[in-house]
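Subject: A structure for you to look at

Hi,

Here is the structure I promised to pass on to you. Please open it next to this email and have a look around before you read my notes.

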Amino acid sequence: MVPCPHIFDPAEKYISLVIPAYNEEHRLPGALDETLNYLQQRAANDKTFTYEVIIVDYGSTDGTKRVAFEFVKRFSVDNVRVILLGKKHGKGEAIRKGMLHSRGELLLMFDADGATRVDDLEKLENQINAVAKKGQQLEDSTGRDSTIRISDVPAAAFGSQKMVPQFPDERFPYRGSLAAGSGIRDTQCGFKMFTRSAARKLFLNIRLKRSIMSIFNQLEYILLSLLLLEAFFSWSIL
């Protein structure tokens with residue numbers, strides 16, 4: 001039996017990639033090959049880099065489940081896991097379930113349509129790392145003997161096609177960007193990264209099953225006091 005981790009468990013991997021999939025028999029193999037080749041290369045170059053890919057099938061009627069389990073066999077259940085949901089669940093619940101049962105310090109959601117390059121995750125990762133580093137520098141300057149782990153910073157980073165202004169230096173310089181009036185302009189992009197702390201706050205408080213748009217309503221982030229970041233890149237319209 002494969003253990004089922006929970007978001008409240010300590011992180012066991014550096015990053016988890018959550019891929020919701022519905023009838024993606026034909027596009028999923030290419031997306032997974034590209035993703036796992038990238039992750040394996042990073043792991044080979046950096047022994048501290050650990051990862052997992054979580055495919056959440058939410059009621060597919062084609063061969064998506066078969067394809068997903070083929071990748072489990074190829075790359076091991078430690079690196080690739082599959083969550084199967086029933087037909088009554090939508091994409092929003094698929095993402096929520098994947099996030100709640102992930103093991104990473106960082107959690108990335110992205111679609112299997114190939115619209116975004118997987119290595120673009122580094123732009124989101126760098127945004128969150130910069131915020132964590134700035135927080136650590138402030139801790140050090142005040143003489144506090146503490147270490148800020150990236151998983152403990154309540155931050156979310158969005159991929160976007162549009163530039164927005166940066167905000168002034170503070171311990172976490174992007175807090176309140178929505179309240180300041182700029183906001184995250186491309187909230188519906190399917191390429192988002194969360195720290196483990198942010199995922200706990202957000203996905204445990206969401207009860208909507210189907211609407212992915214309402215899940216990423218900006219108001220959720222304001223109410224839950226997450227640090228909002230944005231990275232910019234282009235992707236294919238498929």
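Below are my notes, going from the overall layout to single pairs of residues.

First, how to read them: this is a predicted model, in which local features need pLDDT of at least 70 and side-chain atom pairs count only at pLDDT 80 or more, while totals for chains, interfaces and linings use all residues. Residues are numbered from 1 along each chain as its sequence is written, and side-chain values use heavy atoms, leaving out hydrogens and water.

**Overall layout**

The protein has seven helices and seven strands. Both come from DSSP runs (H or I for helices, at least four residues; E for strands, at least two) and are numbered from the N terminus. In sequence order the pattern is β-α-β-α-β-α-β-α-β-β-α-α-α-β. Of the 238 residues, 53% are buried; buried means under 20% relative accessible area, exposed over 50%, and partly exposed in between, using a 1.4 Å probe and protein chains only.

**Strand β1 and its partners**

Nine of its nine residues are buried, so the strand is largely enclosed by the rest of the structure. Which strands does β1 pair with? One is β4 (residues 104–109), which runs parallel to β1 and is joined to it by five bridges; another is β2 (residues 51–58), also parallel, with seven bridges. Two strands count as paired if DSSP finds at least two bridges between them. To find these pairings on screen, look for V18 with its bridge partner M109 in β4, and for A21 opposite D57 in β2.

Together with helix α1 (residues 28–45), β1 and β2 form a right-handed β-α-β unit. Right-handed means that, with the strands pointing away from you, the path from the first strand over the helix to the second runs clockwise.

**The nonpolar cores**

A nonpolar core is a set of buried Ala, Val, Leu, Ile, Met, Phe, Trp, Tyr and Cys residues joined through side-chain atoms within 4.5 Å. The largest one here has 40 residues, and I15, L17, L36, V53, I55, L121 and M193 have the most contacts inside it. Its largest share, seven residues, comes from α1. Apart from this core lies another, of 20 residues, including I54, M99, L100 and L202.

L202 also belongs to helix α5, where it is one of the buried residues. Helix α5 (residues 196–203) is mostly covered, with six of its eight residues buried.

**Salt bridges**

There are 16 salt bridges, each a side-chain nitrogen of Lys or Arg within 4 Å of a carboxyl oxygen of Asp or Glu.

- K13 and D78, whose closest N and O atoms are 2.8 Å apart. K13 lies in β1 and D78 in the loop between α2 and β3, so the pair ties together parts that are 65 residues apart in sequence. K13 is buried, at 9% relative accessible area, whereas D78 is partly exposed, at 37%.
- R103 and E52, at 2.8 Å from N to O. R103 is in the loop between α3 (91–100) and β4, and E52 is in β2, 51 residues apart. R103 and E52 are both buried.
- R66 and E70, with 3.1 Å between the closest N and O atoms. Both lie in helix α2, four residues apart, about one turn of the helix.

Finally, salt bridges with shared partners join E12, K13, E52, D78, R81 and R103 into one network.

Enjoy exploring!
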